[in-house]
There are 2 protein chains.
Amino acid sequence: MSGAPFGARLDGAFAAHGHLCVGIDPHPYLLAEWGLGRDAAGVRDFGLRVVEAAAGRVGIVKPQVAFFESFGSAGFAVLEDVLAAARAAGLLVIGDAKRGDIGSTNDGYAAAWLTAGSPLEVDALTVTAYTGVGALSGLLDTAEAAGKGAFVLSATSNPEARILQTATTDAGENPGRTVARLVADEVAARNTDRTRLGDHGLVLGATQRLEDYGFTSDAGRTLSTTPVLAPGFGFQGAAFSSIPAVFGQLAPNVVVSVSRSVLALGSASPAGAAGLAEAIERESAALGEVLR
Amino acid sequence: MSGAPFGARLDGAFAAHGHLCVGIDPHPYLLAEWGLGRDAAGVRDFGLRVVEAAAGRVGIVKPQVAFFESFGSAGFAVLEDVLAAARAAGLLVIGDAKRGDIGSTNDGYAAAWLTAGSPLEVDALTVTAYTGVGALSGLLDTAEAAGKGAFVLSATSNPEARILQTATTDAGENPGRTVARLVADEVAARNTDRTRLGDHGLVLGATQRLEDYGFTSDAGRTLSTTPVLAPGFGFQGAAFSSIPAVFGQLAPNVVVSVSRSVLALGSASPAGAAGLAEAIERESAALGEVLR
């Protein structure tokens, strides 16, 4: 499987397990609720338990790197364990790291996350394009060569982002677009040679009206082969039932990410493990009613 | 010193050592040129040698996190050694990590980098505000409470960034600004209670005409207490002599960052150590002719 392009592997995960992605977000308050220590050992235990509950029930997990990074190198060492366990369990892993810099530095991030055999190897990485999608081109090339992908922030789920992401471009080949749409179009341009999903996707928050961010009626065609990672479900307020209205023609491309709403139902006890597994099954079934 | 605000400590570093900042950028090609292995041990040796050459000659160093992250948890473990050595040598340390996410996740990055006693503790961190400066407010608060700061990407030094960073805001209290200026104004608003430098700065590339990014004649007053981190000197093409023209009234606030142009003169030999130290002294003296 790992020799296939990321887009094909993502499509395979959708077909086998549906569109749900379980976040591995060891927030400090969740560690406390689970009865785990606020330290690298606690984060490791948390991450491995989420992997165990997710395996066989969903196709995709998304560790939130910041909550491992909080513990420095010790946190990264346990992240390596969690990534290895997830990959061994056959899960597709999206590293939620939001990395992004200028070109030569992005090569360092590509080496870290998107290179076969690297200690932090994932199947796809979330990245930021404040420095322009062009600055990411080497990273995207490295990812593709390894059968991996990236999800670039476009229209995010937080209200503070709106002014920046709806700003209008004045320069470039096709002025008059929003920042969110500029990023989306440049990522989508890498996916045009595919019949189904390409390797590089967008992060589009499910809590926003995408029209407000420049995703007007033509976006469905432009983005038809572009994967979408959609946070914002559950804790942040979006409901699965809103998916057809929010994503329209893009709905079949969407990775639906849930984190705190299911993680709150776990704990370090056997009952907590069962509760988490049941919550994941329930959410996956509920999502399956909306999106197949 | 570490109890004082970051802005005051930065001002102290300028007074004691001038405005030069030496990047700690263990690019793979530099490791090879220095005769070091392309592994965590090589990166550690590289970083410690740069710290040794910088100590007493400049006030500020800036490790590029991506080149440590390339080696996973082992790379972060050696970064911890390099950070500890730099701080023990009395250097101000700017962690060049370009982190940035939504609010609750940014708290994880603040815990990692901007908290006293954390393994990756630095004096200031570079961050990205694609999700809006508002999403960083908790991180900026955490930094201030610990006598630390942040540098937020505004107008960067790479050509691919231009279309996005010059887009015009349509929403918010003061529409019609560029994205770069929106970010700058929101950061500067946190520094208005200072007579000299505040704690939170901007990354402004020295290779660009800042007027093109919306930094018109009023920017000098708006940003008068805002630190500026300026990459782009040396290898990327900017000359110290351009500082008065590029930065105008902001010149006294500028951290002038050099990396590859001096690092290329080092190596793992005693002669290389001497060559690196001499290059740093020469650059610092040359900068002192332009900026005191």
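**Notebook: helix pairs, core and chain contact**

I began with chain B, where the axes of helix α3 (residues 40–54) and helix α13 (residues 270–290) come within 9 Å and cross at roughly 50°. That angle makes α3(B) oblique to α13(B). I also looked up the handedness, and α3(B) passes α13(B) in a right-handed crossing. I note here that I am working with a predicted model.

Next I asked which residues of α3(B) and α13(B) meet. From α3(B) they are R49(B), A53(B) and A54(B), and from α13(B) they are A273(B), L276(B), A277(B) and I280(B). When I sorted the residues of this contact by class, I found 6 nonpolar, no polar and 1 charged.

The crossing of α6(B) past α7(B) is right-handed.

I then listed the residues where this second pair meets: G103(B), N106(B), D107(B), Y109(B) and A110(B) lie in α6(B), while G138(B), L139(B), T142(B) and A143(B) lie in α7(B). By class, the contact of α6(B) with α7(B) has 4 nonpolar, 4 polar and 1 charged residues.

In soluble globular proteins, nonpolar side chains tend to be buried together. The largest nonpolar core here has 208 residues, and those with the most contacts inside it are V22, V61 and V152 of chain A together with V22, V61 and V152 of chain B.

I picked V61(B) and asked which residues it touches, leaving out those up to four places away in sequence. The list I wrote down for V61(B) is C21(B), V22(B), I24(B), V50(B), V51(B), A54(B), A86(B), L91(B) and V93(B). I noticed that A54(B) is in this list, and that A54(B) is also one of the α3(B) residues that meet α13(B).

My last entry concerns the contact between the chains, which takes 48 residues from chain A and 48 residues from chain B. On the side of chain A that touches chain B, at least two residues each come from α4 (66–69), α5 (72–88), α6 (103–113), α8 (162–165) and α9 (179–188) of chain A. Which helix gives the most to that side? I found that α6(A) does, with 7 residues. The residues of that side of chain A divide into 20 nonpolar, 21 polar and 7 charged.

Note on methods:
Residues numbered from 1 in each chain as written. Chains lettered and ligands numbered in written order. Predicted model: local features only at pLDDT ≥ 70, side-chain atom pairs only at ≥ 80, totals over all residues. Contact = placed C-beta atoms within 7 Å. Helix = DSSP H or I, 4+ residues; strand = E, 2+ residues; numbered from the N terminus. Nonpolar A, V, L, I, M, F, W, Y, C, P; charged D, E, K, R; others polar. Core = buried A, V, L, I, M, F, W, Y, C linked by C-beta atoms within 7 Å. Buried ≥ 20, exposed ≤ 12 C-beta atoms within 10 Å, placed from the backbone. Axes fitted to C-alpha atoms, helices over the stretch in contact; angles between N-to-C directions. Parallel < 35°, antiparallel > 145°, perpendicular 65-115°, else oblique. Left-handed = near helix turned anticlockwise from the far one by under 90°.
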